[in-house]
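My notebook is open, and I am about to look around a structure that may be new to you too. Come along as I go from one entry to the next.

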Amino acid sequence: MLPVFRGLLWGLIGFAIGALLTALVRIALGMEPWVFGPLFFVGYLFGLAGWLLGVGVWDTWMREFLGMEPRPYKEEGWRRYFGFNTDHKVIGIQYGVTFIGMFLLAGLLAMAMRIELMRPGRDIFDFATYNRVMSMHGFLMVLVAVTAVPGMFGNYFVPLMIGADDMAFPRMNALSYWIWPPAAILLLLSPFFGGWDSGWTAYPPLAITNEPGQMFYNLAFFTGGLSSVVGSVNFLTTIITMRAPGMTWGRVPIFVWSIFMTSIMSLTATQFVGVAMIMTVLDRVAQTAFFDPARGGYPLIYQHVFWFYSHPAVYVMIMPSWGIMLEILAHFARKPLFAYRWAVAGMAGVTALSFTVWAHHMFTSGMPETLHVPFMATTEAISVPTGLIFLAALGTLWRGKLRFKTPMLFALGMLFNFLIGGLTGVFNSDLPADMHLHDTFWVVSHFHYTILGGGIFGLIAGIYYWFPKMTGRMYNEALGRLHFWLMFIFFNLTFFPMAWLGLHGMNRRIGDYPPDLAGMNMFVSMAAFILGASFLIFVYNLVVSWIRGPVAEANPWGARTLEWATPSPPPEHNFPRVPEVLSGPYDYGVPGAVHAKV
Amino acid sequence: MSEHGHGHAAVYEGGYTRLQINRMGLWFFIISEAFMFLALHFYRFLALGTYKPEGVNVILGLFLTAILLASSVFASQAEKAIARGDQKGLERNLLITMGLGLFFVLMVVYEWSVAFAHFPPSTPFGSIFFLTTGTHVLHLLSGIVILALVYLAARRGAYSAESHWGVTAGVLYWHFVDVVWLSVFLSLYVL
């Protein structure tokens, strides 16, 4: 039996045991036993444990603990993707396919929202349904933005780029992926339990009083957080201890640095969102009083706990894409990465400051006014280290011999979009401006410029850049460029007018707007549909090229980092022997420079 | 707990041994877990300041602290025993550690029954009190399960003076659960 099916079976058994135990305890305490909330909550936690045991934890760890021979999952062909496979390259592909699928699904929801917003008033949804669709779109996209790059490229390329044969803890790496399916199942089931209408941020008291579908969001977020923590333990340990000899900290590729900094944030801050989620669920199912004002709780504190994670999380979304962007700029400009050390310092600075800015999401929430100015100051300060990364990018391009292949186009597009995202962000961080901009489409424009225009452009740049390495086949360059130009132009035509809409009084998270904004909304919707359609080209290109694209060479880009020094796709242990690193990875044009002997 | 991987880690930059790599991974995990408790304390102080209702039993809290500190001493003895090859000492100290842990859990359950009357979970302080102590008890129970697995492995003779990462890891985790209790004690009982 494929481990996936055994996991499902054990998960269902776990769910039944958990729910029954809860019912028994409730009978013993003299309470009404068959109440959905508590039974589902405890059932899910048991079900999660059952799923993980069934899908591979039993075969690997538990058998070893109990003195039996572990049964590692060894399969070939397509079957290797459906079990507890510990090869970091298989895990990278598992993450990639899962999260690109999630991205496309969430994109369809965005299309549905733009159909509703084409005209003022009610069209295809009632306003409650609009909010549920918006919430699902937002949350799925947040999961994609947080997970896709570290999960897919972090797992696949961090060991390759530092010359290791795998991650430091291969089994934990498999675990970090297999924690995800229960979260995906929860989100797919949520609409059958009323969905949730509180957005991806799910503030109480709404998140305590709305439909049971809300809990599916809470538990999915909690589950995803678990995976993040497991993954970041692995990245940090791998990067510290498994660099090839000679790969000193000053020679580590910039993408690896970005994953390192990202992991510091996910390792620590993620626990806060886990706690916030569990508190909300307890308020719903156990009548606790954390955030429920009806019982004397403090709804505002939820926002503090939530944003203490979720602001570092937006840097988790963008930082690995900065890494990809800088990699690609250096390789395609044929120049050493400009101010490498300052770029690393910039990443470290953003990481440190990211923990100090969370309350800038709460300027209009009624929090104590003494907090306003300090958080405005820290937020504006974070543009300084961000600027270092930007200057490193510009300096690398300066007088370079640019080669405009698809990955390079996406990296340049990201640089442009993120500039607009950063500039619009200055107004949000500025207290007097934010009082008016808060919760308008200006903010929607701003974060789509940073996260879609920055993070996801970086993801797609990475997909084109590493596609030949991961699949052993070349994508179609003409289709890739067509995808870029369509996506870049219509991304800007979709989201730039949204800033204007926000300034003219269009609120976010409402399926309606003043009638005089109808013309611009129609324009935005049309642009959004073409933006959505550009992904058909993307998916077609990936699928067809993966099946029968031309066979890729080991190093089609002439890049110098270590992943290109091994065949495409890399063999099971990556390198015939541990490579010996002799100098930095970006010495383009330096006579006689060799990055590593493989 | 042990992660065999591909075994030739010592060839990498910095020359880390497999044992050092395992230890580092566990430490990162512990840092992450510490942030979970930090989040709970964050709520406690942000929402409630240092407010403390009637009925918080500091004496009982001190007693609980003493039990856990004692258990840490025995856990540490267990590791020292196997480091000098003393199988019997390892098993005996593990049993005492787990016994003290179970005793601690029972005392917390007793305390909950009293606390329920003073500040039930339907009040903000009761909510954070029961969630924080409950989270800690869950960590302690998982520590007991881990030590029980270590104990079973020790009975099979899986550990020796030279190779006992399983014991080290279990004991390190146990120490973490004890130390984090001190923060719980300070946050909920003392301040």
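**Entry 1: two cis prolines.** I started at A:Pro569, which sits in the loop between α18 (518-548) and β1 (580-581) of chain A. Helices here are DSSP runs of H or I with at least four residues, strands are runs of E with at least two, and both are numbered from the N terminus. The peptide bond from A:Ser568 to A:Pro569 is cis, and its omega is near -15°. I also found a cis bond joining A:Pro204 and A:Pro205, with omega about 5°. A:Pro205 belongs to the loop between α6 and α7 (206-209) of chain A.

**Entry 2: ground rules.** I noted that this is a predicted model, where local features need pLDDT of at least 70, side-chain atom pairs count only at pLDDT 80 or more, and totals for chains, interfaces and linings use all residues. Residues are numbered from 1 along each chain as its sequence is written, chains are lettered from A and ligands numbered from 1 in the order in which they are written, and side-chain values use heavy atoms, leaving out hydrogens and water.

**Entry 3: chain A as a whole.** I read off 18 helices and 2 strands in chain A. Its C-alpha trace spans about 75 × 70 × 45 Å along the principal axes. How does the radius of gyration of chain A agree with that of a compact globule? For 598 residues such a globule would have a value near 25 Å, and chain A agrees with 24 Å. (The radius is taken over C-alpha atoms, and the globule rule is 2.2 Å times the number of residues to the power 0.38.) I saw that 63% of the 598 residues of chain A count as buried, meaning under 20% relative accessible area, with exposed over 50% and partly exposed in between, for a 1.4 Å probe and protein chains only.

**Entry 4: α10 meets α16.** I followed helix α10 (residues 299-333) of chain A to helix α16 (residues 441-471) of chain A, where the axes come within 8 Å and cross at roughly 50°. Axes are lines fitted to C-alpha atoms, for helices over the stretch in contact, and angles run from 0 to 180 degrees between N-to-C directions. The two helices are therefore oblique to each other; under 35 degrees would be roughly parallel, over 145 roughly antiparallel, 65 to 115 roughly perpendicular, and the rest is oblique. Among the residues that meet are A:Met317 and A:Ser321 from α10(A), and A:Gly454 and A:Tyr465 from α16(A). Contact means heavy atoms within 4.5 Å.

**Entry 5: a residue in α16.** Is A:Ile463 buried or exposed? A:Ile463 lies in helix α16 of chain A and is buried, with a relative accessible area of 4%. Leaving out residues up to four places away in sequence, I found that A:Ile463 touches A:Ile100, A:Met152, A:Phe153, A:Phe538 and A:Leu542.

Entry 6: I found phi near 55° at A:Gln287, a positive value in a residue other than glycine. A:Gln287 lies in the loop between α9 (254-285) and α10 of chain A and is partly exposed at 42% relative accessible area. A:Arg334, in the loop between α10 and α11 (340-354) of chain A, has a positive phi near 55° too. I noted A:Arg334 as partly exposed, with a relative accessible area of 30%.
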